[in-house]
Amino acid sequence: MKIHAYEKAFLYLGALLLVAFMGALTYAAVAMGMNLPSRAGSIEPAAVRTTPPFDEPGVRQTGPNSYEVVFIAQMWSFTPSEIRVPAGAEVTIKATSTDVVHGLSIEGTRVNLMLLPGQITELKYTFRRAGEHLLICHEYCGRAHHMMGGRVIVEPGATGGTD
Ligand code: CUA
């Protein structure tokens, strides 16, 4: 009978932990604005440059405080190689590769994406502070991999973005 009681307690504990973890995850996702890169669709690698939104790579304003940034990765550069976005804005990054697997990492931020040919990778991100970040490919992609990079310039935003 004693064992039975323990078992029950463990079951409750398990359920409680599950609820706690789900809560933490939800909190991270909603309150802290944490987002995991997601697969946002397929694309024909050879037709990237003629397929929207990749036919117009770069920064596009999509709302009062929201922007879309479209990147194309290819050996051995990003198009565009420099972007400007305001601090505090919701930025949706959409990126893909036209050839091999590349990485897209924005130094000093949590932006860290894998760019696979044939796949669109998407991430929502908000740059809190104005400043400059290096944009780098962190996935070995051949002879000039180390040359593959760019700049992300975060400009002072309407909301201040002081934290
Ligand atoms: Cu592209 Cu390394």
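**View A. Arg 60 is partly exposed, with a relative accessible area of 46%, and forms a salt bridge with Glu 68.** The model is a predicted one, in which local features need pLDDT of at least 70 and side-chain atom pairs count only at pLDDT 80 or more, whereas totals for chains, interfaces and linings use all residues. Residues are numbered from 1 along each chain as its sequence is written, and side-chain values use heavy atoms, leaving out hydrogens and water. Buried denotes under 20% relative accessible area, exposed over 50%, and partly exposed the range in between, with a 1.4 Å probe and protein chains only. A salt bridge places a side-chain nitrogen of Lys or Arg within 4 Å of a carboxyl oxygen of Asp or Glu. Between Glu 68 and Arg 60 the distance from N to O is 2.9 Å. Glu 68 is buried, since its relative accessibility is 8%. Glu 68 also forms a salt bridge with Lys 94, with the closest N and O atoms 2.9 Å apart. This pair links distant parts of the chain, 26 residues apart: Lys 94 belongs to strand β6 (residues 90–97) and Glu 68 to strand β3 (residues 66–74). Strands are DSSP runs (E, at least two residues), numbered from the N terminus.

**View B. Glu 155 and Arg 84 meet in a salt bridge.** Their closest N and O atoms are 3.1 Å apart. Because Glu 155 lies in strand β11 (residues 149–155) and Arg 84 in strand β5 (residues 82–86), the pair ties together parts that are 71 residues apart in sequence. Glu 155 is partly exposed, with a relative accessible area of 31%, and Arg 84 is likewise partly exposed, at 44%. Through shared partners, salt bridges join Glu 82, Arg 84, Glu 132, Arg 151 and Glu 155 into one network. The structure holds six salt bridges.

**View C. Aromatic rings form edge-to-face pairs.** Rings of Phe, Tyr and Trp (its six-membered ring) pair if their centres lie within 6.5 Å; planes under 30 degrees apart count as stacked, over 60 as edge-to-face and the rest as tilted. This rule gives two aromatic pairs. The centres of Phe 71 and Phe 78 are 6.2 Å apart and their planes stand at 65°, so this pair is edge-to-face. Phe 71 and Phe 78 are both buried. The pair of Tyr 125 and Phe 127 is edge-to-face, with 4.9 Å from centre to centre and 70° between the planes. Tyr 125 is buried at 12% relative accessible area, and Phe 127 is buried at 3%.

**View D. Thr 121 is buried in strand β9.** The strand covers residues 119–125, and the relative accessibility of Thr 121 is 4%. A polar atom of the Thr 121 side chain lies 3.0 Å from the backbone oxygen of Met 114. Leaving aside residues up to four places away in sequence, Thr 121 touches (heavy atoms within 4.5 Å) several residues, including Pro 37, Ser 38, Ile 93, Lys 94 and Leu 113.

**View E. Cys 137 and Cys 141 are buried.** The relative accessible area is 7% for Cys 137 and 6% for Cys 141. A disulfide requires a pair of cysteine sulfur atoms within 2.5 Å, and by this rule the structure has zero disulfides.

Key
Helix = DSSP H or I, 4+ residues; strand = E, 2+ residues; numbered from the N terminus. Polar contact = N/O pair within 3.5 Å; in protein donor to acceptor, adjacent residues only side chain to side chain.
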